[in-house]
Number of protein chains: 4
Amino acid sequence: MGKGRLEAFSDGVLAIIITIMVLEMKVPGHGHNQLSDLKEMWPVFTSYIISFIYVGIYWNNHHHMFHAVRSINGSVLWANLYLLFWLSVIPFVSAWMGENSFHTVWPIVTYGFVLLMNSIAYTILVVVLIKHEGKSSPLAAAFGNDLKGKISILLYVLGIGCAWVNTYLSFAFYVLVALIWLIPDKRIERKLAAEQEHLT
Amino acid sequence: MGKGRLEAFSDGVLAIIITIMVLEMKVPGHGHNQLSDLKEMWPVFTSYIISFIYVGIYWNNHHHMFHAVRSINGSVLWANLYLLFWLSVIPFVSAWMGENSFHTVWPIVTYGFVLLMNSIAYTILVVVLIKHEGKSSPLAAAFGNDLKGKISILLYVLGIGCAWVNTYLSFAFYVLVALIWLIPDKRIERKLAAEQEHLT
Amino acid sequence: MGKGRLEAFSDGVLAIIITIMVLEMKVPGHGHNQLSDLKEMWPVFTSYIISFIYVGIYWNNHHHMFHAVRSINGSVLWANLYLLFWLSVIPFVSAWMGENSFHTVWPIVTYGFVLLMNSIAYTILVVVLIKHEGKSSPLAAAFGNDLKGKISILLYVLGIGCAWVNTYLSFAFYVLVALIWLIPDKRIERKLAAEQEHLT
Amino acid sequence: MGKGRLEAFSDGVLAIIITIMVLEMKVPGHGHNQLSDLKEMWPVFTSYIISFIYVGIYWNNHHHMFHAVRSINGSVLWANLYLLFWLSVIPFVSAWMGENSFHTVWPIVTYGFVLLMNSIAYTILVVVLIKHEGKSSPLAAAFGNDLKGKISILLYVLGIGCAWVNTYLSFAFYVLVALIWLIPDKRIERKLAAEQEHLT
């Protein structure tokens, strides 16, 4: 089965998720036209920025990963939809966190939980893809022991746990994971390049 | 006429439908930052999950079906738009059902009715496609007597009827149909594979 | 310049327009769970259906027309964007008409005006495309004197004028134009087929 | 790395941005059905039109630029996402400006600031692309000293500064920049054509 439509559909869903978050930012109404009206919204903006970066990271890595994929099957379709489900929840939890200014426990915990679920869903997608492509595929070689993925999951759990101590510390953990992933997954590019060299 | 743009447009509409449903979930406002504020929303979340799965199923089966289609005509375009129309109503009825916690008759009945209309619209699309492709096409062979489709329609009707007895029972019927379809349509894949083998 | 990205972008915009209209339909809130709550919304639903059909017609004809187009230029990009602009206004005027139940003059007039502007924008796009493709192109031959387009514009103007007499009559005119266009533009298909026959 | 999915994702995001702005225009409710209810909304419509044109300009130039691009890398992906981020903020600031009728300082200043940031983000994308493609690439030759980009940035800064004198003058500056860019970037087309001639 070709991967073209799965990529197109995922691109569509990711493009919509990353864009509709802006609709969750309520525009200050008529008469609220001072700089202070914007300043008050800083948690909403911060929440938007971090969520935009997260969805951007997932798009980048999804893009890179499927570049190395040669074909798909029904299980891959559903593993991919499962990832898209958790990504689609980001605008909701992002808005809740923004509305409550980072200093209340549950919005921060819920946001971290959704990031964690996304991370797990991505790992499941990788496992399903490697099972389909075979253990000797470039994809399998590229992921190796997936250290980056494991560290991320650990950091999310730490971040969630910290919320009962200090919610800003939790947020710092989420930012840290984003920074780790901001660099697109060079592993796949490198392995694929090596593979191609080997073949020629 | 090529099927490329029809697939792209359908993917776009389905991607948007599956994603904008999250906008129907009202974020608990400022000050509503407790876990209990989320817990109260469980019918809204349940409604979102089942609708996400349904749209996902339609995308998967649409994807599989058009994989077996070789060309389209004007009737196919309109049959496809008719299906997209009923799919586009899902976010509305899903939100209405979620707002009313599954224990009132009409939101449950309306949700079931829209699922039923989607099912019928999909059947119409299949019939129009088979008429265009010919009775000896792989598509026609793959669908056969379309037992799964017929059972689904029966279950929807039963589900709708049950709403006056117990709305949760109705919901159980809708979940049951989703489970039947969660497995992508292997029939087409199998028949296409057999066809290709036969040709070579 | 290739037409691929223009088609993809237009498909995207049209897919979004046709889908976000559902967001303009306000879900009856908690406690409003009777069939009568839905029945009250019939103007909103009717408005949604006619607008869905209109955007569907534009997509179908856009699809057919660009099928016959071989290349584009900067003027085509802007003429296309001008059409997309007027299409993007449909959800707004559709919601306004729906909210006011078809019996007040200005919402009906505004809806007709936007349909008229869409019709003119489509005509401009056709003229710009024919200028680019040449008068002897299959596209130019297919459109001929564009009788259907001229009749539509006349009917829109009549419909708008009728609003001061009877708003339901105006609406009937808008439905009539939709019916005329529901049949995809066979002219282009036929001419293209003849062209290809001639070449071989 | 292929540029196909980056183009598709950007097209998706731009299509959504240009379309969801219509959702920020609040439909006059039931009972508000007079022409005067629409007339009152003129700042909202004006804001929508200028923002639609701006997003259209960015799509056109993005389209033209990537036409000349042969391959991409990780830095290009992130520079492109950075541009998409600032474009995604346009619906928010556009709605704020529209709500406040162009005669208050901060909404006008914020709108200009976001346009300025978009302009800078586009310049960064160009620089990253030229670094990747090489100084002797058609892209580098086409952009030259990027006079148009520099003039735009200057005009935005002037427009922002004018807001404390006269907000309508600021708006006039923003319209002026739009007019400068309404003509798609002929430079690239011309250079590419020359390049191709040279090769043959």
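Author: Copies are superposed by least squares on the C-alpha atoms of residues with pLDDT of at least 70 in both. The structure shown above is a predicted model.

Reader: How is the relation between two copies of a chain to be described in general?

Author: Two copies of a chain are related by a rotation about an axis and a shift along it.

Reader: What rotation superposes chain B on chain A?

Author: A rotation of 90° does so, with 0.0 Å of shift along its axis and an RMSD of 0.0 Å. In chain B, the residue that comes closest to the rotation axis is B:G12, at 4.4 Å (C-alpha).

Reader: Do the copies meet through the same or different surfaces?

Author: They meet through different surfaces, because only 6% of the interface residues of chain C are also interface residues in chain D. For chain B, 5% of the contact residues recur in chain A, and these copies likewise use different surfaces.

Reader: How far apart are the nearest C-alpha atoms of chain A and chain C?

Author: They are 9 Å apart, and the two chains do not touch. Chain B and chain D are joined by no contact, and their closest C-alpha atoms lie 9 Å apart.

Key. Residues numbered from 1 in each chain as written. Chains lettered and ligands numbered in written order. Predicted model: local features only at pLDDT ≥ 70, side-chain atom pairs only at ≥ 80, totals over all residues. Heavy atoms only, no water. Contact = heavy atoms within 4.5 Å.
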